[in-house]
Amino acid sequence: MRTPALAINPVPRAALADIPDEAVEHGEVFTRDWIVGLILDLVGYRPDQDLSLLRLVEPACGTGAFLGMIAQRVSDSCHKHERDITDALEAVMASDLLPRNVAASRALVERVLTAEGWASDSASHVAQTWVRRADYLLEQPLDTQVDVVVGNPPYIRLEDLPEERMNLYRALWPTMVGRADIYVGFFEAALRSLRAGGRLGFICADRWMRNQYGRELRRLVGDEFALDACITMHDVDAFEEQVSAYPAVTILRRGVQNSAVVADTTSRFGEAAAQDLLSWIDRREDQPLRKETFEVARMPHWFSGDDMWPSGSPARLAVLEDLTERFTTLGQTPGVRVGIGIATGADKVFITRDPDLVETDRLLRMSMVRDTTSGRLEWSGHYLVNPWDATGNLVDLEQYPKLRRYLTRNAIDLRSRYVARKSPDKWYKTIDKVEPGLRQRPKLLFPDMKLSSHPVLDKGGEDGYYPHHNLYFITSDVWDLEALGGLLLSKVAESFVEAYAVKMRGKTLRFQAQYLRRIPVPDPAALTEAQKEQLIDAFQKRDVEAATSAALDVYGLTEWPG
């Protein structure tokens, strides 16, 4: 039974300012034929099916990079199933904004079908019906009867669009948050058009998987769809022109998440290697495969929610997912807390090295990033000027004349801060309150930015320090912090941060609380005495290799994938 014709969202394109042609042209990146073939195979669009009964959508067809091969496959299918090509009039719907692209795509479809032996008037009729000028995001199918959506959506920043059109896009497709590229809207529109079991196959920049503006799209995928495959192609010559798009082929499905194929490719990945990869996927192999041209693994699950999707080799991602399944994360471990040091809003005022600046009991010894450089906490002599009492209230300045005089001298700077403008009567508060007892608590400190995992122990007590906001800290009622420090010094723990964290210039990692909380850890009570001793010894000696070896033993692993 043929899929019914689609309802079209009746947004009047003529009432809106057009996207400038140069912005559309700049956003066009044309895909090589063998990549198109790989995507069509991955979504199951093959001639052995009766393709005239399916509905395929190509939302930004350009000059026909996908349409040529789609036309070939539809033709082959019609021959195989003894159908006339006009039986496939409703099998494909392709659109583009530029009239010349529409004309080029129609001409291509007509040439392909004519070469396949179909009558020229039938070929022309099919080409005219399949390809139309339209804005996919405004003239989008409203029902869910689409079987397949494929393509290479355009790369256009929202700020390059006319404001009225941009606002309408955002209203229609709410995953387009922040400084999103327009392709985010194409993902959402395509996903929402799929019938149950329908598939999307895009080659597109993979930034949305890991940055802030992709969070709502990740949430949509995690809540309502399934990732079938993600093939990273950063070094592959995938396009007709050289572009720095960091692309990935992503196959998504409307349905329940099952296993997910994750592959990474090298610069030598080409048509033959793509067929090898496809064969591995079609055989439903479970054993990871590593070749000169690609590496692939099948993961039993995929990641949910709006958190950034992890990056790394397929083998490493599979191990990370396995550890997450078998162990409790640091953030979910009872008796463990991950936090950040104090933000003052005016470090030049609230941080000092002068021990006589204010009353002694208004100074807290403070740990700074520089104090952790050696792997031992070596205090640089910094104090926090503390305006808070032990109950969490601001002190009465009349009771502290030195503190009052000092803060009053700096009142202009302090009152100009946002936190002070919100509460003018509390103009001398820091952004964060000082937490009673935190200075005395033993804690592991992590500098915010570091090339490798670098936990440092603050033993606490009367000789403890209050952490600055460029330091993250871990406290625990259940762990020996030196044993935990050994675990977190390891390459295993570092790999979790590396997989999720935003990479800075020079491969610097961000050891922020949100990433530290994701590290899975065993129940400390389940560790043997020998395992504890190995972790503690590695931590005390700052021996990353020994820490990694001890961590592998704790996690029940024999090796750590590269």
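Start by selecting Glu216 and Arg219: their side chains meet in a salt bridge, with 3.2 Å from N to O. Keep in mind as you look around that this is a predicted model. Now show the cartoon for helix H8, residues 215-224: Glu216 and Arg219 sit three residues apart in H8, so about one helical turn separates them.

Next, move to helix H10, residues 314-326, and pick out Asp322 and Arg326, which lie four residues apart, about one turn of the helix. What do the side chains of Asp322 and Arg326 form where they meet? They form a salt bridge, 3.1 Å from N to O. Asp322 has a relative accessible area of 29%, which makes it partly exposed. Arg326 also counts as partly exposed, at 42% relative accessibility.

Glu435 is partly exposed at 27% relative accessibility, and Arg337 is partly exposed at 35%.

Now try four residues at once: Asp41, Arg46, Arg73 and Asp282 are linked in a network of salt bridges. A search of the whole structure finds 34 salt bridges.

Let us turn to the strands. Select strand E2, residues 92-96. Is E2 largely enclosed or open? Five of its five residues are buried, so E2 is largely enclosed by the rest of the structure. Show the side chains and look along the strand: Val92, Ala94 and Asp96 point one way, Met93 and Ser95 point the other way, and all are buried.

To find one of the contacts, pick Val57, whose bridge partner in E2 is Met93. Then bring in helix H3, residues 67-80: together, E1, H3 and E2 make a right-handed β-α-β unit.

Finish with strand E3, residues 131-133. E3 pairs with E2 in the parallel sense, over three bridges. Select Ala94 in your view and you will see it standing opposite Val131 in E3.

Conventions
Residues are numbered from 1 along each chain as its sequence is written. This is a predicted model: local features need pLDDT of at least 70, side-chain atom pairs count only at pLDDT 80 or more; totals for chains, interfaces and linings use all residues. Side-chain values use heavy atoms; hydrogens and water are left out. Buried means under 20% relative accessible area, exposed over 50%, partly exposed in between (1.4 Å probe, protein chains only). Helices (H or I, at least four residues) and strands (E, at least two) are DSSP runs, numbered from the N terminus. Two strands pair if DSSP finds at least two bridges between them. A crossover is right-handed if, with the strands pointing away from the viewer, the path from the first strand over the helix to the second runs clockwise.
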